[in-house]
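Me: I've got a model open and want to talk it through, one question at a time. Ready when you are.

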Amino acid sequence: MFVAGFPAGAWGTNCYLVAPAAGEECVIVDPGHEAAQGVEDLVREHGLKPVAVLLTHGHIDHIASVVPVCGARGVPAWIHPEDRYMMKDPGRGLGRALGQQIMGSITVGEPDDVRELTDGSVLELAGLELTVDHAPGHTRGSVTFRTPSSDRIPPVLFSGDLLFAGSIGRTDLPGGDSEAIMRSLTRVCLPLDDETVVLSGHGSQTTIGRERATNPYLLQAAGAQDAPAHPRRGM
């Protein structure tokens, strides 16, 4: 499997292009603020053909470039129905004060073709098989995308703002829920194999095994320690 990614825009949100191999069809995960040019550069460099945009959740730092990216290629965007409202009104997902501060300089909307994700569904796109897991807590409609296990390559989890290297997503914005995110970590992340590569919405690559051993929130989810007092991340 081929994965190319880059941190985009003011919030350094990771955008990923995923394909069976260079030169083939691909999906685009989380084209956020100022991501359109980076997407075009990678498409051109690696000879890729985008067929869909996949969104881990509806916060503006993950969806700001959806309309230009989808429009340039005539491809659909996939999002969980509980976060779809943020495509037209992303300020509602940030709260009044933060929304007014951020949204003054950003124009967004829905692309022509929006499709809704469901928990446990398997997307077969661009020659890839991606399982959708609903993972509320950061937002009500947060999801992850994971590839199947293989003898040749380790599985990959596109975790959005559920799980980061050493931390998890914040839960203090509208739709956030601390108890729900801990349940999502338990249900979605803990059952995965240790070698699963985690490509998150912000920060560096990690693995489930590394996070299982060191991430205070996964340790708490596994019942290994008391609630941690570590900062959470994401918008």
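Me: What percentage of the 235 residues count as buried?
Reply: Keep in mind that this is a predicted model. A residue counts as buried when its relative accessible area is under 20%. Of the 235 residues, the share that passes is 55%.

Me: Which strands stand at the edges of the six-stranded open sheet?
Reply: The order across this sheet is E7-E8-E9-E10-E13-E14, with mixed pairing. An edge strand has a single partner, so one side of it is left without a neighbour in the sheet. The strands in that position are E7 (122-125) and E14 (206-207).

Me: Which helix packs on that sheet?
Reply: The helix touches E8, E9 (143-146) and E10 (156-160). Its direction makes about 150 degrees with that of E8. Residues 178-189 form this helix, H6.

Me: How do E7 and E8 run, parallel or antiparallel?
Reply: Four bridges join E7 to E8, which covers residues 128-134. Among the facing residues, Leu-125 has Leu-128 as its bridge partner, and Val-122 stands opposite Thr-131. The two strands run antiparallel.

Me: Which residue in the hairpin of E7 and E8 takes a positive phi?
Reply: There are two residues between the strands of this hairpin. The phi in question is near 55 degrees, and the residue that takes it is Ala-126.

Me: On the E9 side, what stands opposite Asp-133?
Reply: E8 and E9 run antiparallel and are joined by four bridges. Opposite Asp-133, the residue in E9 is Thr-144.

Me: How many of the seven residues of E8 are buried?
Reply: E8 is largely enclosed by the rest of the structure.

Me: Is His-59 buried or exposed?
Reply: His-59 sits in the loop between strand E4 (49-54) and helix H2 (60-63). Its relative accessible area is 1%, and the cut-off is under 20%. So His-59 is buried.

Me: Which side chain does the side chain of His-59 join in a polar contact?
Reply: The contact comes out at 3.1 Å. It links the side chain of His-59 to that of His-138.

Notes:
Residues numbered from 1 in each chain as written. Predicted model: local features only at pLDDT ≥ 70, side-chain atom pairs only at ≥ 80, totals over all residues. Heavy atoms only, no water. Pairing = 2+ DSSP bridges. Contact = heavy atoms within 4.5 Å. Axes fitted to C-alpha atoms, helices over the stretch in contact; angles between N-to-C directions. Buried < 20%, exposed > 50% of the residue type's maximum accessible area, 1.4 Å probe, protein only. Polar contact = N/O pair within 3.5 Å; in protein donor to acceptor, adjacent residues only side chain to side chain.
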